[in-house]
Amino acid sequence: MRNVKAKLIHYSRLAHEKGLTGSFGGNLSVRVGDYVFIKGTGSVMGELSSSQIATIKLNGEVISSVRPSSEFRLHIGVYKNREDVRAVVHLHPPYSITLSMFKEELPMLTPEAELYLSKVPVLPFKPAGSIELADQVSEAMKSYNAVILQNHGIVTVGRSLREAFYRAELVEEVARLWYQKFIAPKA
């Protein structure tokens, strides 16, 4: 358990340092058997500590004194639909959010994107923390390893937290390249 929390802290802080999320936004989780470790509500990713990580069961029961992120249903839904997934990353990266206002999917602009992402759709806006958002993302993740949430952020998955994190970083890199090529020159 200590190792799981250490990885959540490492990648949460890394996401914050790299500008992939700010303030209270974003949440990461790791599944271990029937348990999910997830950032606690109100925690700042750049300052996350082990005492701010909640533990919940796959049925949604909170078994720690820490209240989980409001997006916990989204994470649980993905885990229930994808046996291969051991980590879920939800971030609010600025270029991906900007792209979501203009496109219906992330264009695969690099060979790495083609290889590691294949296709990344933009899902229509649903309110943050809502059951509608959780259902929409869980359903989409049956077919994809990454999605962009319109006006909200991204969700990526992996067999490890490292894999899910680097998928998120790749989504944002491609969105930045798209922005620099198609939006910035017109500004």
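Tutor: Let's start with the whole chain and then zoom in on the sheet. Keep in mind that this is a predicted model, where local features need pLDDT of at least 70, side-chain atom pairs count only at pLDDT 80 or more, and totals for chains, interfaces and linings use all residues. Residues are numbered from 1 along each chain as its sequence is written, and side-chain values use heavy atoms, with hydrogens and water left out.

The protein chain holds 6 helices and 7 strands; these are DSSP runs numbered from the N terminus, with helices being H or I of at least four residues and strands being E of at least two. Reading from the N terminus, you get α-β-β-β-α-β-α-α-β-α-β-β-α.

Now the sheet itself: it's an open one of 7 strands, in the order S3-S2-S1-S4-S7-S6-S5, and the pairing is mixed. At its edges sit strand S3 (53–57) and strand S5 (122–123), each pairing on one side only. Two strands count as paired if DSSP finds at least two bridges between them. In general, strands of a sheet pair through backbone hydrogen bonds, either parallel or antiparallel.

Zoom in on S5: this strand pairs with strand S6 (residues 146–149) in the parallel sense, over 2 bridges. Val122 has Ile148 in S6 as its bridge partner.

Stepping back out, the C-alpha trace of the protein chain spans about 50 × 30 × 30 Å along its principal axes. Buried residues (under 20% relative accessible area, with a 1.4 Å probe and protein chains only) make up 52% of the 187 residues.

Conventions: Buried < 20%, exposed > 50% of the residue type's maximum accessible area, 1.4 Å probe, protein only.
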